[in-house]
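Trainee: Could we go through this structure together, one question at a time? I would like to see how each answer is reached.

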Amino acid sequence: MRPAAAPEAMPVEFEIPVSGQVGPIAVSPDGKMIAWQNIGAKTLSIRSMDSNSVRTLPIDAQWICWSPDGKWLAFSEGGKVQKLEASGSVAQTVSVHPGRIMGLSWTRDGGLILGFVRGSLMKVSAGGGEPVPALALDEKGGEVGQRIPVALPDGEHVLYYSLRADVSGSGVYLARLDGNAPPRRVHTRQFFLPMGPNTSLIAINGQLAAVRFDGFWEKAGEPVILTDPMPGGSASASRDGRVIAYSSGPAANDNIVLYDRSGKKLETIPDAGPIRDCHLEMSPDGRKLLLERDAGNGQLDLWTVELGR
């Protein structure tokens, strides 16, 4: 007699009720813990997946990532990179970062990779120290920023979003941390979240989708839609992709308010967003504003706004 085949595992979906808008979400590598930012309250919440109890700390965590062993959380707050034991409540300063951070990832060898609005990826020891360049900017290729890094489990590679002067060259790139091979583009989306050795989450028209790759992040297959539209949402996944967490809610149309050096209000640009964690730049003559705007499909649009009209 042959033993009966094991029943196919069915996905289990449940909701975690929260009040207010949720910012970045981070699922621990083993899928047992989840942490998220509460934007309005400026707090950090931590919860075990098998418990209804939520621990909330007075920490305005802008970006969140877990250590590979799931024992620590790292985050940026107030111009600093800090870390916190998953069961603790007192944060320790790792470093002061030199620019506006946009992404954080913990490496296998105990380092943290930082992404920035402008400039190259930086790396710092999780034990503390000064950040040093992790990659060089591809200045010949018009690269101006390396953002949203994801350190891969092999400890040798990192995925990141490369912003280029020619937007058609922007996208997710794969690079060796030792610099022994030139980076190569693997996808055009900005939102790109690896889960497992050859699968990633991407965003398509506000929906989460899974994409499988041939080889080592080589050719991408056809995306498979996983969720309903989630405007203004965030997502994260465990290392093996068995646990996926995402938030959904109204997309925030942010206003941009301009002030002079004395603090006098000059102008309000209504409904400019959603632009949270994006980049603004004024023209030299002060007449135009360049801004990045979330297109809602995992990519960024560049907009130019005439001022003082």
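Mentor: Gladly, and we start with a term: buried means under 20% relative accessible area, exposed means over 50%, and partly exposed lies in between, with a 1.4 Å probe and protein chains only. This is a predicted model, so local features need pLDDT of at least 70, side-chain atom pairs count only at pLDDT 80 or more, and totals for chains, interfaces and linings use all residues. Residues are numbered from 1 along each chain as its sequence is written, and side-chain values use heavy atoms, with hydrogens and water left out.

Trainee: Are F192 and F213 buried or exposed?

Mentor: Apply the cut-off just given, under 20% relative accessible area. Both F192 and F213 come out as buried.

Trainee: How many aromatic pairs are there?

Mentor: Rings of Phe, Tyr and Trp (its six-membered ring) pair if their centres lie within 6.5 Å; planes under 30 degrees apart count as stacked, over 60 as edge-to-face and the rest as tilted. By this rule the count of aromatic pairs is four.

Trainee: What is the geometry of the pair of F192 and F213?

Mentor: The ring centres of F192 and F213 are 5.9 Å apart. Their planes make an angle of 75°, and the pair is edge-to-face.

Trainee: Which parts does this pair tie together?

Mentor: Helices (H or I, at least four residues) and strands (E, at least two) are DSSP runs, numbered from the N terminus. F192 lies in strand β17 (residues 192-194), while F213 is in the loop between β19 (207-212) and β20 (224-225), so the pair ties together parts that are 21 residues apart in sequence.

Trainee: Which residue lies over the face of W72?

Mentor: A charge sits over a ring if NZ of Lys or CZ of Arg is within 6 Å of the ring centre and within 35 degrees of the ring normal. For W72, the distance from the ring centre is 4.8 Å, and the residue is K83.

Trainee: How many helices and strands does the protein chain have?

Mentor: Using the DSSP runs described above, the chain has zero helices. The number of strands is 27.

Trainee: What is the order of the open sheet of four strands?

Mentor: Two strands pair if DSSP finds at least two bridges between them. The pairing in this sheet is antiparallel, and the order is β13-β14-β15-β16.

Trainee: Why is one side of β13 and of β16 left without a neighbour in the sheet?

Mentor: β13 (143-151) and β16 (184-187) stand at the edges of the sheet. One side of each has no neighbour there because each has a single partner strand.

Trainee: How many residues of β9 are buried?

Mentor: Strand β9 (residues 101-106) is mostly covered. The number of its six residues that are buried is six.

Trainee: What is the bridge partner of L104 in β10?

Mentor: β9 and strand β10 (residues 111-116) run antiparallel and are joined by four bridges. They form a hairpin with four residues between them, and G110 in the turn has a positive phi of about 85°. The bridge partner of L104 is L114.

Trainee: What phi does I148 have?

Mentor: Most residues other than glycine have a negative phi. I148 is in strand β13, and its relative accessible area of 25% makes I148 partly exposed. Although I148 is not a glycine, its phi is positive, at about 50°.

Trainee: Where is K42?

Mentor: K42 is not a glycine either, yet it has a positive phi of about 55°. Its place is in the loop between β2 (33-38) and β3 (43-48).

Trainee: Which residue takes a positive phi in the hairpin of β18 and β19?

Mentor: Strand β18 (residues 199-204) and β19 pair in the antiparallel sense over six bridges, with I204 opposite Q207 in β19. The hairpin has two residues between the strands, and the one with a positive phi near 50° is N205.
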